[in-house]
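Here is a protein to read step by step. Please walk through it from the whole chain down to single residues.

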Amino acid sequence: MLGESLGQTMANHLGPEFLDKIERIRHLAKTGRGGAESDHADLLTELSGLSEGDVLPVARAFTQFLNLANIAEEFHRVRLHQDQQDQDEPDAEDTFVQQLKQLLANGLSPSEIAAAIARMDVDLVLTAHPTEVNRRTLIRKYNDITDYLRHLEMGQQPTRRLDELVSQIWHTNEIRQQRPTPIDEAKWGFAVIESSLWQAVPEYLRRLDEQMQEHLGQALPLNCSPVRFSSWMGGDRDGNPFVTADVTREVLMLSRWMAADLYGRDLKALRSELSMHQCSAEMRAEVGDTAEPYRHLLAGLRRQLEATKEQIRQDLDGTANSSRTLLTRNELLEPLLLCHRSLIECDMPIIANGLLEDVIRRVACFGVDLVRLDIRQNSERHSAVFEALTQHYELGSYLAWSEEQKQEFLLQELQSKRPLLPNRWEPEAKIQEVLETCRVVAESDPTSLGSYVISMASQPSDVLSVILLLRECEVGHNMKVVPLFETLSDLKNAHLCLDALLSIDWYRDYAQGRQEVMIGYSDSSKDAGQMAAVWGQYQTQEALTATCRAQDIHLTLFHGRGGTVGRGGGPTHLAILAQPPGSVDHTIRITEQGEVIRFKFGIPEIAERNLERYTGAVLTATLSPRPAPRPAWRELMSDLAETGFREYRSVVREDERFVPFFQESTPERELGKLPLGSRPAKRRADGGVESLRAIPWVFAWTQIRLMLPAWLGSDRALQAAIDNGKLNQLHEMYADWPFFTSYVDMLEMVLAKSDAVIAQYYTERLVPKALQPLGEKLRDRLVETIEGVLQIKQSAELLADFPRIRRSINVRNPYIDPLHFLQAELIFRDRTRPNKQLEQALMVTMAGISAGMRNTG
């Protein structure tokens, strides 16, 4: 239906001849996929013969079809899930109810399970890495189409609204004209909450409450939300010069304003509903002799919310003339709970449990800040501040000191009663910016802030230095300071660093029995290859868990996962259940990046399902963790990782042809023209692969369907194990070890999205003859990887166990293939005779392939 509407829109705008051309290209792509070589050749002829005036509308046609296909598929998933609920079908393994039943069957008592849920803290951290290619205005229109389908499903008659929306989409430019600012990215995050999560969260919590009452005999406390949200949008300044202290200050205020606005809308609706006159003595004592006590109380609360919004507006405008405090969480929550108690006491529980309870549940999840903002900065920037200070005081060079000297200096200053920062000190701008960020933290409400994350941390001094800077800038609370371990070598040494840190008495007092550590997935994978990285991450988590247990410290692991397998992505519940036993102890933090936010949380029904999955997986991993791997499995996994590391590095670091092949065969150079996010694609403009960020690294390989970051190194490692007679042991590991099961299944999924024929075309069209043998070698290794995975899974074809995913990929291929061939042609033309029209079409193909693959980087 959506495709027909798009076709009619194109015919109306560009004529029936254009639609015939699109249909011809689609037919050739589909039959070419079926093995008809002549149709494949005809497709290439058709696409290479397109005039410069035709390439853009053709690219747009296939791109928009793929976006509409995503909407249809997402809606289909919602409908299937609702049908299963309506028909009371047996619960799937990953549903919350099934996990409750399993925990009870394992001998846990209802009170133990309920207590664990009440303690649970699953923090989903929304990040604005440059992976969301769709503009916000188009996302809103896609959401409107979903609403149309929802109404159609409910029996409403078809209207012209669908054709209107599709026509609006067709006549809207897919590509931003300018890169989004960090403020734009933060507003995009707020929009996801406003349009979906604001509805999904109370529905999820209501359902959780009902399931707990049915199976455990205990309710979910009103002020309890196992899941909450944080953000890096406007707080992550690592490598992004556009995230300044002023930006962070503005984002914090905008977040609070948005929360006040959303609650204001809720209270307006609630005042309309709570018109009853009967109330409790407690309520009467609060409101006095008024005919409509609930409305009276809520009217005062709305005025406080409006005053909060006005204060924030004045602060943003620079016109504030007072220092009024903003409405706090308790000031918002207590009147709502008073209304709830009064309604229950007056025998009106059905009213109490309606919209009022939804608003209370929202406060439990979102607080008054909507999201809590993390601050992230690179350890080098903090060290630079202390280098400048020690030079200023003529104490020597901080950077030249040993780790012991740094710790001694920092601890001495942390316990000193005199200030460290000189009066009227005017350091260089980069140092001043670090200090200004700390001052923004000092002036902000502690409840609005999450953690201070230190990129590329490797020593205890990296943590102590940040605490000292925060103290010097008059931060009055013990903000969580979180080391982020990213490279393989840093991961291996992470537990030693943490043990040394926790052995410092002053720091133990500061930590107050809790420690958060972040594990980086993207850079370790790019640094060492996926096989070595995943095993390194697993071992690091084991070691950190053991260290904290020995030190009697509660550990929260923060997983910096991306949307793709090459950056730690994959199905949520499987990833959590695959963690080392004991590493998930009621708490976990996980990044949700780029377009993954929209796919997981953009539609309320899908958001509810994903929130339920997180809750069930963390509950199971906490109360009933899987056993540790057998020693023989661990030994084989170490051998696999070592071989994978060596084989990955031999290509990426040691083959002199690799970097030029990568630059010629992929749209890596052209990627910089696509205005995806506020952050530059490279750490250094003149750098090679090593300076390229993990996201564009994965993006470039995904665009040509070689998917190299997810499998290179694993191919030779798995094949070596098979050749050495370890196939039966690999079968055992796949069957009985969740970590290895998850790894193989994720590898299989990405291999199913790969395509050696497509990758070959990019090589033949774009790469100099001297480099083409490397492309052939890599494609052969891709095929070998597929063969190895099929042997381990004892399967005849990829995704035999996941027919829905296989069908989803197969349906999309005839629409993605023309975009690939067209993209290669456009890259060739753009590199020889660039012009704006070609660049626009090229960017549209990138967006279309991303939509079809369901991820970018």
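The model is predicted. Keep that in mind throughout.

Begin with the whole protein. How many helices and strands does the secondary structure come to? It comes to 37 helices and eight strands. Along the principal axes, the C-alpha trace spans about 85 × 75 × 60 Å. The protein has 857 residues, and a compact globule of that length would have a radius of gyration near 29 Å. The protein has 28 Å, which agrees.

Of the 857 residues, 61% count as buried. The protein exposes about 34100 Å². Contacts tell another part of the story. Take the contacts with a separation of 6 or more: residues 24 or more positions apart account for 81% of them. Charges come next. The protein has 96 positive and 121 negative charges, and their mean positions are 3 Å apart.

Turn to the strands. Strand S1 covers residues 121-127 and pairs with S2 in the parallel sense, over five bridges.

Strand S2 covers residues 227-231. Five of its five residues are buried, so S2 is largely enclosed by the rest of the structure. Which residues point which way from S2? Val227, Phe229 and Ser231 point one way, while Arg228 and Ser230 point the other way. All of these residues are buried.

S2 also pairs with S3 in the parallel sense, over two bridges. Ser230 stands opposite Arg372 in S3. Ser231 stands opposite Leu373 in S3.

Strand S3 covers residues 372-378. Six of its seven residues are buried, so S3 is largely enclosed by the rest of the structure. Five bridges join S3 to strand S4, residues 449-455, and the two run parallel. Gln377 has Ile454 in S4 as its bridge partner.

From S4, step on to S5. These two pair in the parallel sense over four bridges. Ser451 has Lys480 in S5 as its bridge partner. Strand S5 covers residues 480-485, and five of its six residues are buried, so S5 is largely enclosed by the rest of the structure.

Next, take a helix. Helix H32 covers residues 727-736. Which of its residues are buried? They are Gln729, Leu730, His731, Met733 and Tyr734. An α-helix has 3.6 residues a turn, so residues three or four places apart point the same way. What do the buried residues of H32 pack against? They pack against helix H26 (631-652), helix H31 (714-723), helix H33 (738-753) and helix H35 (772-793).

His340 lies in helix H13, residues 329-345. Buried means under 20% relative accessible area. His340 has 10%, so His340 is buried. Leave aside its neighbours within four places in sequence. His340 is then in contact with Leu222, Ala352, Asn353, Leu356, Glu357 and Ile360. His340 and Ile351 are eleven residues apart in sequence and 8.7 Å apart in space, C-alpha to C-alpha.

Asp490 lies in helix H19, residues 488-502. Its relative accessible area is 15%, so Asp490 is buried too. Not counting residues up to four places away in sequence, Asp490 touches Met456, Ala457, Ser458 and Phe485. Asp490 and Thr308 are 182 residues apart in sequence and 44 Å apart in space, C-alpha to C-alpha.

Finish with two backbone angles. Most residues other than glycine have a negative phi. Gln512 has a phi near 55°, a positive value. Gln512 is found in the loop between helix H20 (505-511) and strand S6 (514-520). Arg705 has a positive phi as well, near 70°. Arg705 is found in the loop between helix H29 (694-703) and helix H30 (708-711).

Arg705 counts as buried, at 1% relative accessibility.

Methods
Residues numbered from 1 in each chain as written. Predicted model: local features only at pLDDT ≥ 70, side-chain atom pairs only at ≥ 80, totals over all residues. Heavy atoms only, no water. Rg over C-alpha atoms; globule rule 2.2 N^0.38 Å. Buried < 20%, exposed > 50% of the residue type's maximum accessible area, 1.4 Å probe, protein only. Contact = heavy atoms within 4.5 Å. Areas by Shrake-Rupley, 256 points an atom, 1.4 Å probe, with all protein chains shown as cover. Lys, Arg positive; Asp, Glu negative; His and termini not counted. Charge placed at Lys NZ, Arg CZ, Asp CG, Glu CD. Pairing = 2+ DSSP bridges.
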